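Subject: Structure handover

Hello,

Here is the structure we discussed, with its sequence. My notes on the interfaces follow below it.

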Amino acid sequence: MEKLEVKGLNHSFGFTKILKDIDFTLQKGEVLSIVGPSGGGKTTLLHLCANLLDVEEGKVTNTFRSSAFAFQDARLLPWKNVIDNISLGLLAYGCKKNVATQQSKEIAIRFGLEEDDFDKFPKDLSGGMRQRVSFARALVVKPSLLFLDEPFSALDIGLKKELQSILINMIDKKEISILFITHDLMEAIRLSDKILLLKADPGHVVKKFSYDMPQKDRDDKYVYAQSAKILQDEEIIDTFELELK
Amino acid sequence: MKFIIKILKDFPAYLWSGWGAIASIFLFIALWDVGNQVYGNLVLPSPLETFQTLFVMLQDDSLLAEIKTTLYRASVGFGISLLFGSLLGLFAGFFVTASIMSRPIVTILVGMPPIAWIVLAMIWFGMGDETVIFTVIVASFPIIFVGALQGTRTLDGDLKEMAKSFKLPWHMKFLDVYFPHIFSYVFPAWVSALGMSWKIVVMAELLATSDGIGASLAVARSQLDTPAALALVVIMIGSLMFIEYIILEPIKREVELWRN
């Protein structure tokens, strides 16, 4: 069984402790969100899980077949056109060039890019288009585990919804597991099976929330109702410092 | 290969865009002719006379031999700078200590006037090829070195992280992530180093050798042969413009298409 297991994870930059005693398990087909205020060590935690940072104390075991990372900013290679950017991950896996190009074109169309855009360099794309390309690049490799680092935060509502519904479709078919960090509670409620609340200084998990309804069936009403409920929670109020002073 | 074909395909369009440049060159020649009419033939020969002299000189095999000598010295010097400047610059860029240590040395190399190098080289190597080549190397090396150093120092950490997250194998990391960035710094450095080499080679020859374009220039000076001196200048400028605008600029355009 594929899973990501984090046990007793601690991390410091110099003398500053960033993360303290983090424990959680992400099972196959599950969506786990880590929410918390900015600067709370969320990105560090994600980078440790994705092996972009070396684990110092504790253990991260990742048995997923494959993984991909979608960053907060698009991080496209400025000297490569749209299709070459998307096919980067496929080529790294040893895919043949023409197969990779074909698959990249297909997924680009699915993500709302047009054929005219295929040869464009990132400098000629709008911010939203770049994020689409970045998403396509992460998903074209059909990752078993997807790391998401607030990839929706810079997008307009329409595009946000579009990309989220692509993910929800994949979640529904049990094609993908997601480790997702965000500071947007509504976003987390819409997509997650489990939410971990990360409190800062140093980052530690203070509460867990679970949502059983399948993502596909969650309508706006459900998301709003759950958001209103979670905003009453004392730990949430305390962590996000929502209290009026 | 695809890349070279693309450069060749875009070449006619590029040439066609050169009319503006040609017009401004003709304007410059017109001003030159005005100068001739004001100051007379001895001080500033007319463009016509200069080009006639140039034409006659080019019929002469001995001048071609001089050009060859100069070309040889410039290319050897520039070639050595290109090779070692790029390699050492890349190397220094990958290590913080090496880049910090090399900065003052580069400042010394850049700050030292080429004429001082020529004097030293004449003492060390005597009058000949080595002196000229040495001077060309010292003058163009730091430019290339700094370009390569900057290229490696400014690699984008975010892109490196992205490359790591997709587990790019080392050859893809180098070819797709590092190389285009470094090249966009190194290539302009090569171009300016080439211009520098071409100027320095003539200066060093004028002072330190008895052959080459520089030496011919010295002869023209001693005989007060202004048309010949100007004709030699035209050769130098013409060849530099040819290399820069006909060979390097089209490459640069293709290479930097992705830039803002």
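Into which domains is chain A divided? There is domain 1, made of 1-65 + 144-245, and there is domain 2, covering 78-143. Please keep in mind that this is a predicted model.

**Inside chain A**

The C-alpha centres of domain 1 and domain 2 of chain A lie 26 Å apart. Their contact draws 16 residues from domain 1 of chain A and 10 residues from domain 2 of chain A. Together the two domains bury about 1,000 Å², with 71% of that on carbon and sulfur atoms.

Three residues stand out on the domain 1 side. Leu159(A), Leu163(A) and Ile166(A) supply 38% of the area that domain 1 of chain A buries against domain 2 of chain A, more than any other three residues.

The rule finds 1 salt bridge between domain 1 and domain 2 of chain A. Arg132(A) forms a salt bridge with Glu162(A), and their closest N and O atoms are 3.0 Å apart.

Which elements give two or more residues to the side of domain 1 of chain A that touches domain 2 of chain A? They are β6 (145-149) and α6 (157-172) of chain A. The largest share, 6 residues, comes from α6(A). By type, this side of domain 1 of chain A divides into 12 nonpolar, 1 polar and 3 charged residues.

**Between the chains**

Now chain B against chain A. The contact takes 19 residues from chain B and 22 residues from chain A. About 2,000 Å² is buried between the chains, 68% of it on carbon and sulfur atoms.

How many salt bridges are there between chain B and chain A? The count is 3. Glu161(B) forms a salt bridge with Arg75(A), where the closest N and O atoms are 2.8 Å apart. There are also 7 residue pairs in polar contact between chain B and chain A, again with both residues at pLDDT 80 or more.

On the side of chain B that touches chain A, α8 (157-165) and α9 (170-208) of chain B are the elements that give two or more residues. The largest share of that side is the 6 residues from α8(B). The residues on this side of chain B divide into 10 nonpolar, 3 polar and 6 charged.

Best regards

Terms used: Residues are numbered from 1 along each chain as its sequence is written. Chains are lettered from A and ligands numbered from 1 in the order in which they are written. This is a predicted model: local features need pLDDT of at least 70, side-chain atom pairs count only at pLDDT 80 or more; totals for chains, interfaces and linings use all residues. Side-chain values use heavy atoms; hydrogens and water are left out. Contact means heavy atoms within 4.5 Å. Buried area is the accessible area (1.4 Å probe) that two parts lose on being put together, summed over both. A salt bridge is a side-chain nitrogen of Lys or Arg within 4 Å of a carboxyl oxygen of Asp or Glu. A polar contact is a pair of N or O atoms within 3.5 Å; within protein, one must be able to donate a hydrogen and the other to accept it, and residues adjacent in sequence count only if both atoms are side-chain atoms. Helices (H or I, at least four residues) and strands (E, at least two) are DSSP runs, numbered from the N terminus. Ala, Val, Leu, Ile, Met, Phe, Trp, Tyr, Cys and Pro count as nonpolar, Asp, Glu, Lys and Arg as charged, and the others, Gly among them, as polar. Domain bounds come from an automatic or database domain assignment.
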